[in-house]
Amino acid sequence: MILDYFKLGFKNIRTRRLRSWLTMLGIFIGIAAVVALISLGQGLQMAVTQQFQQLGKDKIFIQPGAVTMGAPGTSSGVSTLTDHDVKIIEGIRGVERVGGAIFKIGQVEYRGEIKYGYITGFSFETQDLIDEAQSYKIVSGRNLKKDDKYKVVIGYGLASGDIFQKSIKIGDKIQIGKNGQEFVVVGTLDKIGNPYDDGAVIIPLESAQEALNTTDYDMITIQVKEGEDVNKVAEEIKTRLRKDRGEKEGEEDFRVQTSEQLAETFNSIFAIVQAVFIGIAAISLVVGGVGIMNTMYTAVLERTREIGIMKAVGARNSDILTLFLIESGTLGLIGGVIGIILGVLLGMGASFFAGQALGTNLLKAYFPAYLIVGALLFSFAVGCASGVLPAIQASKLKPVDALRYE
Amino acid sequence: MTQILHLNNVCKTYFLGEEKVSAVRNANIRINKGDFIAIMGPSGSGKSTLMNLVGVLDIPTEGEIFLEQHNIAKLSESDLAQIRGRKIGFIFQQFNLIRTLTAKENVMLPMMFQNIPSEEREKRALMLLEQIGLKDRSNHRPGELSGGQQQRVAIARALANNPDMILADEPTGNLDSKTGHEIILLLKNLNKKGKTIIMVTHDINVAKEAKKIIHIVDGEIK
Ligand SMILES: Nc1ncnc2c1ncn2[C@@H]1O[C@H](COP(=O)(O)OP(=O)(O)OP(=O)(O)O)[C@@H](O)[C@H]1O
Ligand SMILES: [Mg+2]
């Protein structure tokens with residue numbers, strides 16, 4: 001019975017082909033946008049979550065700069081992290097190991113050609129943490145060793161000749177920093193797929209401080225002892241650094257975050273961005289719904305006589321109601337199917353583009369079953385909801401009046 | 001004889017603003033099973049209005065209509081729809097087939113609203129189309145059929161649920177006399193097989209084919 005209604009509805013949609021296409025336009029643009037955005041969002045979130053998992057829950061990161069913008073005059077001006085801070089943290093109970101790190105975009109010179117690379121200087125104590133978190137893998141040569149000086153491990157892009165005209169081999173010399181400090185290449189990394197990691201220039205911390213002429217750290221990384229409460233240790237670090245700096249609570253000029261807090265921060269920002277995008281897509285769906293409603297009202301007028309005929313041959317009000325609801329639902333559903341196909345293509349296209357042009361493999365579209373099924377049901381529901389009022393109007397027509405119409 | 005329809009003092013009045021139009025006044029009609037009645041009268045005399053009342057497409061302003069033993073005033077909208085679907089077959093002057101459906105689908109439509117399974121509907125529709133000699137046109141749409149053919153499809157549709165009563169409002173009104181005559185022969189044939197037929201017509205020659213003629217003037221039955 002319901003199947004017959006679907007057939008009738010589909011027939012009517014097909015009869016008025018152009019109008020049906022135009023009507024569905026709003027729905028499929030909306031659904032395509034929703035599917036593409038959610039699939040990309042899901043993929044991104046999965047990739048990032050995975051990275052946080054690799055990082056482990058026992059890490060604490062300290063970065064310079066206040067959490068929030070303080071009131072004017074309260075900021076303590078230059079905020080730095082130095083070896084002094086590392087010494088303080090080393091003395092705190094529960095800290096397994098501490099290391100400073102430097103991240104700078106800096107000049108890299110090879111055979112007279114000057115480019116910029118992402119220079120990372122690590123203290124040897126914490127180097128493995130970063131390698132793990134970034135999933136760095138040495139493909140040729142070796143990793144940095146303790147007491148290495150002026151040795152460098154470079155990313156795939158630098159080594160392969162993607163960035164420089166000539167490829168760089170193990171044992172080659174490159175100059176890093178404005179002063180042209182010479183470094184010997186000891187290892188190259190496997191391809192990661194994004195410009196930051198493939199343009200990485202990894203050198204020992206002390207050499208980095210020298211080459212870049214700085215004593216400040218951009219980050220201090222801490223691993224907490226097994227069995228210790230990471231949050232308690234983080235609190236303790238915060239208190240001690242604050243005391244050392246003579247700052248009041250809430251006015252710190254540094255940020256202490258555990259790996260879990262980092263993940264949470266990311267997730268909450270991400271949720272907001274996602275919600276905004278989906279909100280915009282939802283507007284398109286509402287517009288699409290209004291389009292369906294308009295088409296269905298027109299259909300009720302055009303088919304008034306037909307409604308009269310159906311009532312004369314035994315259609316109840318509820319039959320007419322169902323018939324029109326299913327027709328508008330089918331409009332939504334077909335729009336949804338097309339929208340899903342478009343959305344999937346869009347999502348895959350965006351991941352491909354992100355991979356090619358931006359060089360990141362974080363943006364991988366992911367299409368869970370609930371997204372596809374949900375989008376289908378939702379588009380059918382939007383169609384039905386938009387058809388409710390016209391369908392009620394159709395079902396309430398009096399048979400005689402409907403038959404006389406025209 | 002079994003009485004299947006009884007109109008008791010039925011009136012139908014239309015109110016157009018101030019004006020009152022009495023389309024049907026105090027109609028008392030009894031119709032028995034197997035009757036073949038022609039209703040005649042000038043244009044605007046209330047024939048169609050009367051037919052609509054008999055076919056429970058419309059409800060009277062006054063009086064009572066009994067269909068078999070049911071007082072139709074006491075029935076719900078959906079009961080009336082069921083009665084129309086099962087017990088009454090309509091034939092209209094304008095054929096009133098659904099344009100987007102083929103001949104076969106048009107004949108199947110009344111059965112759909114009675115929840116008859118689709119294979120059975122199809123079988124019966126083809127059988128009915130065969131009886132009226134249009135089996136080879138079963139996949140044609142109304143626009144691809146002549147007026148006479150369309151009216152025959154409409155008759156097949158009216159017979160779909162094997163109703164007791166056929167109501168035909170000027171079934172030959174849009175047809176030439178030869179084609180019209182064929183339609184009347186079909187109706188006569190149905191009447192012979194036991195169907196009760198009520199037919200509105202302007203044409204006295206057509207009316208003569210019926211067993212009984214009712215005249216209506218200004219809404220009153222003479
Ligand atoms: N819906 C309506 N609203 C107002 N007046 C109506 C309505 N339907 C019919 N009438 C009036 O009722 C009267 C009877 O109309 P009806 O259609 O029954 O006539 P008829 O005998 O079938 O005429 P014809 O032979 O031209 O078909 C007419 O005066 C008509 O104007
Ligand atoms: Mg009439």
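How many strands form the open sheet of chain B, and in what order? View 2 has the answer. This is a predicted model, in which local features need pLDDT of at least 70 and side-chain atom pairs count only at pLDDT 80 or more, while totals for chains, interfaces and linings use all residues. Residues are numbered from 1 along each chain as its sequence is written, chains are lettered from A and ligands numbered from 1 in the order in which they are written, and side-chain values use heavy atoms, with hydrogens and water left out.

**View 1. Where chain A meets chain B.** Here 22 residues of chain A are in contact with 26 residues of chain B (contact means heavy atoms within 4.5 Å). About 2300 Å² is buried between the two chains, with carbon and sulfur atoms giving 61% of that; buried area is the accessible area (1.4 Å probe) that two parts lose on being put together, summed over both. On the chain A side, A:V313, A:R316 and A:V400 lose the most area to chain B, together 24% of what that side buries.

**View 2. The open sheet of chain B.** Look for 4 strands in the order 2-1-4-5, with antiparallel pairing. Strands (E, at least two residues) and helices (H or I, at least four) are DSSP runs, numbered from the N terminus, and two strands pair if DSSP finds at least two bridges between them. Strand 2 (19-32) and strand 5 (70-71) of chain B sit at the edges with a single partner strand each, so one side of each has no neighbour in the sheet.

**View 3. Strands 1 and 4 of chain B, with a helix on the sheet.** Strand 1 (residues 3-16) and strand 4 (residues 62-67) of chain B pair in the antiparallel sense over 5 bridges. B:C11 is found opposite B:E62 in strand 4 of chain B. Helix 1 (residues 47-54) of chain B packs on this sheet and touches strand 1, strand 2 and strand 4 of chain B.

**View 4. Strand 1 of chain A and its pairings.** Strand 1 (residues 59-64) of chain A pairs with strand 9 (residues 219-224) of chain A in the antiparallel sense, over 4 bridges. In strand 9 of chain A, A:I222 is the bridge partner of A:I60. Strand 1 of chain A is also joined by 5 bridges to strand 10 (residues 254-258) of chain A, again running antiparallel. There, A:F61 stands opposite A:Q257 in strand 10 of chain A.

Note on methods:
Axes are lines fitted to C-alpha atoms, for helices over the stretch in contact, and angles run from 0 to 180 degrees between N-to-C directions.
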